[in-house]
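Work through the following exercises with the sequence and the model side by side. Try each task on your own before reading its solution.

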Amino acid sequence: MLNRPPHSLDQLDSLPVARPAEVEDDRTGLGKDALRRAFLDNLYYVQGKFPALATKHDYYMALAYTVRDRLLRRWISTAATYTREGSRTVAYFSAEFLLGPHLVNNLINLGIEKPVREAVHELGLSFEELVGQEEEPGLGNGGLGRLAACYLDSLASLEIPSLGYGIRYEFGIFAQSLIDGWQVEQTDKWLRNGNPWEIPRPEWAAEVKLGGHTERFTDENGRARARWVPARRVKGIPYDTPILGYRNNTANTLRLWRAEAPESFDLGVFNRGDYYGAVQQKIVSENISKVLYPNDEQVQGKELRLEQQYFFVSCSLQDMLRIMRGQKIPPERFHEKFAVQLNDTHPAIAIAELMRLLVDEHGMEWNRAWSVTRQCFGYTNHTLLPEALERWPLALISRVLPRHVEIVLEINALFLDEVRHRFDHNHDRLARMSIIDESGERYIRMAHLACVGSHAINGVAKLHSELLKEDVLADFHALWPDKFRNITNGVTPRRWIALTNPRLTRFLCGVIGDDWLRDLEQLRKIEAHVKDAGFRREWRFIKRLVKEELATYVRRVTGISIDPESLFDVQVKRIHEYKRQHLNVLHIVALYHRIKSNPGADIQPRTFIFGGKAAPGYRFAKLMIKLINAVGEVVNKDAAVADRLKVVFLPNYNVTNGQRVYPAAELSEQISTAGKEASGTGNMKFSLNGALTIGTLDGANVEIREQVGAENFFLFGLTAAEVKASWTNGYDPGAIYRSNDELRAVIDLIGDGHFSRGDRDLFRPIVDSLLHGDPYRLLADFQSYVDCQALVSAAYVEPERWTRMSIANVARMGKFSSDRSIREYCEDIWRVKPVKIALLSKDQTDADLLQ
C-alpha cells in the first residue's frame, strides 16, 4: 500500500476549498488508520499471506513488523546522533539478558497500545491472542539476566548512549515441565518461528581465535612481542535488537553474537566421501552459541562455557574498536569513548582480551594499555556464595586461551608487587589476593581479575556491599577502599507495573497522573488517599480481579482449583537451598499437621504458589521441587484441609508467568538465609504490585523494610551477623529438632514417607541435610518464621488494615526503580551524560546517501 502524502493545493490557494486531512505515513504513523494499513501491508508483503491463509502467528508477525517500523526511525536517528557526536557510551557486558516478550513493552514505550488495540479489533482479531503468539527469548537464568534487561530499559528511557552485549543463544534456558512432581528439562526453541525484533549485521562480523600456541618475535622497532597462533577460528555474527526508551526518541541497541564457522561447508572433504567431516567445523563452531549455560559437570562442558564467555567479549571489544575507527577515535582513547560494565564475573576475561587487542593487535605499550584497560572497566559483584565466584583451571584456560594466560600471569605479577609494597610481604595475604589460586590445582580466580582490572567495584544492595568489604573481597577493600561503592538494584516500572498490572496502572494514573512512570518517587502521592474508603475499596477490587485471572490460569495449566478468597502466598524464584523454598514447605506441613491434629483449628485459608527452575545438574534443588509437589499432592487431595490449604507449583516460570503472578500475589516470600542473597529484584516487583513481604534481613529486603516501614513488613529470622556467629560458636540443628515438638513432627512426617507414598529414602537427603549440619539455618529460623506467619494471618483477616499496608508498600517503592540505579551508575562510575535524540526524517537520511 502506497504512502499517502498530502496533496499539493498551492495553485488553488485563492479558491475557497477545504484542504484534505494529512494522511500519516504507513511506516511511521502512530494513528489507528496508519497502523491498520501498515499491518495489512506487512501481512501481504512481509509474511506473504492474505487473510484466508494467514495463521495467528502470521498476524502476530505482521503486527510485530508494524511496531518495529516505528522503532526503526528512532533507532536510526539514535545511531546517527551518537555517531555524529562521538558520544561517550556505556557497554553493558552480560552473559544473560532475560528480556521477556517485546511487543506490548514496545507499544507502552511508544504510547500506541490503545490505537493498536483498536486497529486490531476493527480487523476482527483478538489483540490478546496475537500477543500470546510471541515466543519469550529465554536468554537468562533468573535475576542476573532480568536485571540486565531492566537496565537496558532504563538506559534508553534516561537517554543514555549504550550498547548491551551478549550471546544470541539458539536455545535459551530450558523449558520446564513436571512429570510425577519432578522437573523435566525440554529444549527452549524460541527461534523456531523467527524473531521479528532482531536485524542480523553480517557485515560487522568479528573473528575469534581459540586454542593453539603463542610465539615470540621482535618487531620492527626492536620490541619483544607475542603472536597468538590459534588452532581454530570462529566467526561472530551480530544480531541487533532495538531497545526503546519510554516516550522519548531514544532507541539503543542490544547486540547479541551468534557463532559461525568461517567456512561452513568443506566441499573437498565432502567430495572425498567424508560427509560428516564436511560440516564438522560448522557444528563445532556453532556449539558456542547453541545453548545457555551448558552443563559444566564434565570437562567438555567447562571448556564450552569458557569458550562462550571469551567469544562474546572478544566479539564485543572488537566491535567497539570498529566503532571507534568509524568515528576516527584512536585506541588510546578507548576509556574515554566507552565505559564497560561487567555484569558479574562471566565477562571478566574481557580484561585480558582488551589488553591483548591493545598490545598485540594495536602495538600499544603495556603500561599505557593497562592504564586504558583499568579506566574503562567497572565490575558488579552479584554473589556472596564462595562457590559462585567463578574460577577456571589454569590447565583448561591455557589450552583454550594460551595468550590470555600469559597476559593474566603478567597482570598478576605486577599486582602482587603492589600488594607486597603495601602490606610488607605478608605471604598469607599474597596467597589470598593472587589472581592465581595456588592452594592445589591451579585456578584463575575471575573475581580477582575483575577487581584488579576495574576502576570501580560495586555490590547491589547496602548489606551485600558491606559484606563484600568485610568478607568476600575484604583484602581488596583494604588495598583499594576508594574502588568500592554500593548501587542497589532496581526494576523498571514500565514492564513491572504498567505492562504487568494495567488495571492498577490505570487507577493510579487516574488519581495522580502518569509522571510516576518516569519518576517512581511520585507514587508517594497516593498516600494522601489512603484514608479514602472508596480508594481502598477500588484497591481491593483490582487485586481481586487479578487473583481471579491467576486462578483461571492455574486451573488451566495445573488442573488445581484455587480460591481467590484465600491469601495468595507466593515464592517464585530460582530453586536453591539458600533461597529456602524448603523452609516454606516446613511451614505448610506444620499447618497441615495442625489441621490433621485438630480439625477445628483456626487456620486462615491460604494458597501457596511456587515457581522456579533448578539447574539441570543441581540434584538437591530438583529434590526440593519434588518435595513441594509431593506435599501439594497430599494436601490438595485431603478433604480435611482442602478448604484451607492449597499448594501449587507453576511450571516453566519465566518473565511471562511473572507478569501473571506479581500482580496477584498478596504475600511475598523473601526468606533466604541472611547474608546469602546479594539483592533480589523479585522482592521489589512484588512490593511494587502491592504484596506485603515476609522476609529476613537479607539483600535488598533491608532497604525495602527501611522504605516501606517496619510496620508494613513481616520480619523474622537470624541476622547475617548471627548466621556468621553460628559457624564460629557452634550450631546443633539436632538439638533444635529435639526441643521443638512441632518442628519434630513436621520433619518426621517428611522423613517417615507421609508425602512419598511410604518411601522413607526419597527425601532422606533433605532430612539429613537439616538434621546434620543445616548449612542454611532452616531449623534455627523455623520457629521465628512460623510465629511471623501467624502475624501475617492476623493482619489478613483485617482487610482494611491489610489494604493500608499494601498501599504503603506501593507508595514507598520509588527508590527501587532501575532508573535510580542507572542514574547512580552514570554519576558515580560511568561518567556518562544523557544525549537528546531528534527524529530524522527519511528525507534527511536519504540526503546523507546522496551527498
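Predicted model: local features only at pLDDT ≥ 70, side-chain atom pairs only at ≥ 80, totals over all residues.

**Exercise 1.** Which residues of helix α30 (residues 764-771) are buried?

*Solution.* Residues are numbered from 1 along each chain as its sequence is written, and side-chain values use heavy atoms, with hydrogens and water left out. Helices (H or I, at least four residues) and strands (E, at least two) are DSSP runs, numbered from the N terminus. With these terms, the buried residues of α30 are I766, V767, S769, L770 and L771. Finally, look for their partners, where contact means heavy atoms within 4.5 Å: the buried residues of α30 pack against α22 (581-597), α23 (619-637), α28 (733-739), α29 (741-751) and α31 (778-796).

**Exercise 2.** Find the residues with a positive phi just after α30 and in the loop between α30 and α31, and then examine R831.

*Solution.* Just after α30, G773 takes a positive phi of about 125 degrees. In the loop between α30 and α31 sits R777, which has a positive phi of about 60 degrees although it is not a glycine. R777 counts as buried because its relative accessibility is 2%. R831 is likewise not a glycine, and its positive phi is about 55 degrees; it belongs to the loop between α33 (818-830) and α34 (842-850). R831 has a relative accessible area of 53%, so it is exposed.

**Exercise 3.** Is A674 buried or exposed, and which residues does A674 touch?

*Solution.* First locate A674 in the loop between β21 (667-670) and α25 (682-688). Its relative accessible area is 2%, and therefore A674 is buried. Leaving aside residues up to four places away in sequence, A674 touches T696, L697, D698, L718, T719, A720 and V723. For A720, which is 46 residues from A674 along the chain, the two C-alpha atoms are separated by 4.6 Å.

**Exercise 4.** How many cavities of 30 Å³ or more does the structure hold, and which residues line the largest cavity?

*Solution.* On a 1 Å grid over the protein atoms alone, a cavity is a set of points where a 1.4 Å probe fits but cannot get out, and lining residues have an atom within 4 Å of a point. Grid points are joined across faces, edges and corners, and a volume is the space filled by probe spheres set on the points. The structure holds 8 such cavities of 30 Å³ or more, and the largest contains about 160 Å³ of space. It is lined by 15 residues, among them L99, N105, D153, I243 and R495, which are the closest to its centre. At least two lining residues come from each of α3 (103-110), α6 (143-157) and β9 (232-244).

**Exercise 5.** What share of the residues of the chain counts as buried?

*Solution.* Of the 851 residues, 59% count as buried. For the arrangement of contacts, take those between residues at least 6 apart in sequence: 76% of them join residues at least 24 apart. The chain has 34 helices and 23 strands, and its C-alpha atoms fill a box of roughly 90 × 85 × 60 Å along the principal axes.

Key
1 Å grid on protein atoms, 1.4 Å probe; cavity = no way out; pocket = protein on both sides within 12 Å on 5 of 7 lines; lining within 4 Å. Buried < 20%, exposed > 50% of the residue type's maximum accessible area, 1.4 Å probe, protein only.
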